[in-house]
Amino acid sequence: MKLFRSCLIAASLLVPAVLANSTAQAEDVIKIGAPVEISGKFVSYGAAAKRGIEMAVDIYGGKVANKKIEVLYRDLQSDPQATVNSFTQLLVEEKVNFLIGPIATPMTMAGLPAWRRTKALWVVPGATTPLLEEEAGKEPMLFHTFPYAYYYHRALARSLKEKLGPGKTVAIIYSDDAYGREHLPYAQKYFTEEGFKIVAEELVRAGATDLNPVLAKIRRVKPDILLGLVQTTDGILLTKQVYVQRLNIPYLVGTAYPQLKQWQDATAEAQEGWVGVTTYINGMKAKADPKYPKLFMDSDAWVAEFTKRYNRVPEFIDVGAYVSTCMLLIAIENAGGVDDKEKVAAELKKLDVQTMIGRGHFEPSLGGTLNQAFADVVVHQRVKGADAILYPKDFETADKFEQASYAK
Amino acid sequence: MLGLTLQILVDSLLLGGVYTLMAVGLSLAFGVTRIINFAHGDIVMYGAYAAFFAFVGLNVDPLLSLLLVAALGGIGGYLLFKLTLDRIIESAGINQVLLTFGIGLVLQNVAVILWTGDERSTTPSYAFDSWFLTDDVIVAKGRLIAFILAAVFVVLLLAWLRWSELGRATRAVSQNRAAASLMGINVRAMYALSFGLSSALGTATGAIMSFLLPITPFMGFPILVKAFAIIILGGLDSVIGTVIGAFFLATAETTIGYLVPQGIGWAEGVAFFLLVLVLIARPTGILGTVGREA
């Protein structure tokens, strides 16, 4: 009985101490939820996002305001239901106040209703859909760090007009999925505004095996420019079949796919002359940020550091996730290391840094998102197996678009 | 108009060849074992990856690696049957469906883990080449090769089924397994053999698809759906019916794609609608017997 009483007293003394210790430990950690596509259809996006986030936390030193940064990765499996579950788990069970990810548009849209339950500070380094803008653009806790689809077409139309001159004709091929249908109205708007005449608009099925009927129709209208509003898999098929058909359209324009190594490897000689848009491409030169030179290094130094770590050249999502994470960490630091989304959001809004993908500063987007950063896109062209940058002026490495080459 | 008609004809034929490749292995396996192999599309995908790695790693052209890929596919299919399907061959059909569906999911996810979701493609020179028959009529060399190989595969398969001892045994099992068993044919061995052969055709198809379509771990499902539609149309257990079904679907899709505004968006839907009409008129498919026996 005496022994039992002693144990009880010891336990009653110990429990509060243990609890106090664990509370202190909890307070010494800043938790960031990272719902990303680590498997499934969008695994290449999620894997790149994870690399960018990991590298940012590591270079930051693993701590912010002396508190350990704990990134809670959740695999969305590229599946909407898994996305809802992951968001709910992070926001309701883990009670995270900061989220970064996902990348793919469908996953971001799937996570949106779950996010509304707590409205944590949400950095979205992907999702080109203006639907996100319509649904949540006015939310003060949403920080979008990737251009919406309309920025692609504004930059493409401007750069083509600037370099090719007026009076050119455009044929558009768009896929019947959300991607193609969503991009079409913006392509129509900005190309028409810049004085291009749209002479054909042809629908293709996403995942189709044969595009020849569409290409034959386009051949008949003899456009100056072919614009392909499709995703990467269809982009590969389109590029190959355009080449095989010898369409003889001088200028071939895609969206994001011409920058991807997988597209380049899969299309071989057919890639020559294709124009694309991106937020980052190798060869872009940016100076280090004067205030945060260790985080936002000179672009060459950053590429070297990334390549050393991952044994591969960074792609746009790697860089985008990296700079977005760094900006979030700086904001948490500037807010005094508090786990308070309002204070951190206020600091994030104040940030103005020079990054490898341009100015990192949040301001309203063209379509009304309150917090939009990195809206500028780069227009590039595949020339002799490398990238020439044609827009904007600051990054230009070539002054004219080359015509697509068709074999013999 | 003549040029357009000729181009529709050429494209229909070439697409029909591709569709035949996608479906013929599935048809063979079903004809003998009466199991619809929902993992067939993923077996095609593994063939495409094998050809891709042979091309990139060893610089072997997909048309050369095709034989080895088919042989490996055949062995893999045989083992897969022996280790899994053989154990539930007498079970209810739903168990077989669930098992092959599950195998397909496992194969797909293993591919994602091994090779990520990145798109790939082999890039032999003929995949980028074409001939102009006239100013308007173009024949893509890669598709022509696929068409020729489809014809070769079908002829060889039919010849094997007709004239070889094993082929005749396979047909006997397909027509009446009880009678075949009474005649001393090892029915289960024939099942395993035809499943292996079906997988060999599947992986060979993958090797050909490697230069026609983007290779991803997810390429199998659309191929399966298309192949499934074709074998239903042609008659589930008939190789010739499968060929007819493939060309029927290809011609319908191509014609709609060329002649109807925004036609390629409609092509698949209209083609499947025609499939339903054919099945209403002839529920066993064009040359099938499944359903008549029941």
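Before anything else, my ground rule for elements: helices (H or I, at least four residues) and strands (E, at least two) are DSSP runs, numbered from the N terminus.

I'm working on a predicted model, where local features need pLDDT of at least 70, side-chain atom pairs count only at pLDDT 80 or more, and totals for chains, interfaces and linings use all residues. Residues are numbered from 1 along each chain as its sequence is written, while chains are lettered from A and ligands numbered from 1 in the order in which they are written.

**Entry 1: H2 of chain B.** I looked just past the end of H2(B) and found B:Asn59 with a positive phi of about 60 degrees. Then I went back over the helix: H2(B) covers residues 40–58, 19 residues in total. From first C-alpha to last, H2(B) reaches 26 Å, close to the 27 Å expected (1.5 Å times one less than the number of residues). Is H2(B) mostly covered or mostly open? Mostly covered, with 15 of its 19 residues buried. My cut-off for buried is 20 or more other C-beta atoms within 10 Å of the residue's own, with C-beta atoms placed from the backbone.

**Entry 2: chain B as a whole.** I counted eleven helices and two strands in chain B. Their order from the N terminus is α-α-α-α-β-β-α-α-α-α-α-α-α. Chain B has a radius of gyration of 19 Å, close to the 19 Å that the globule rule gives for 294 residues, so it is as compact as a globular protein of that length. (The radius is taken over C-alpha atoms, and the rule is 2.2 Å times the number of residues to the power 0.38.) I also noted that 53% of the 294 residues in chain B are buried. Along the principal axes, the C-alpha atoms of chain B fill a box of roughly 60 × 50 × 35 Å.

Notes: Buried ≥ 20, exposed ≤ 12 C-beta atoms within 10 Å, placed from the backbone.
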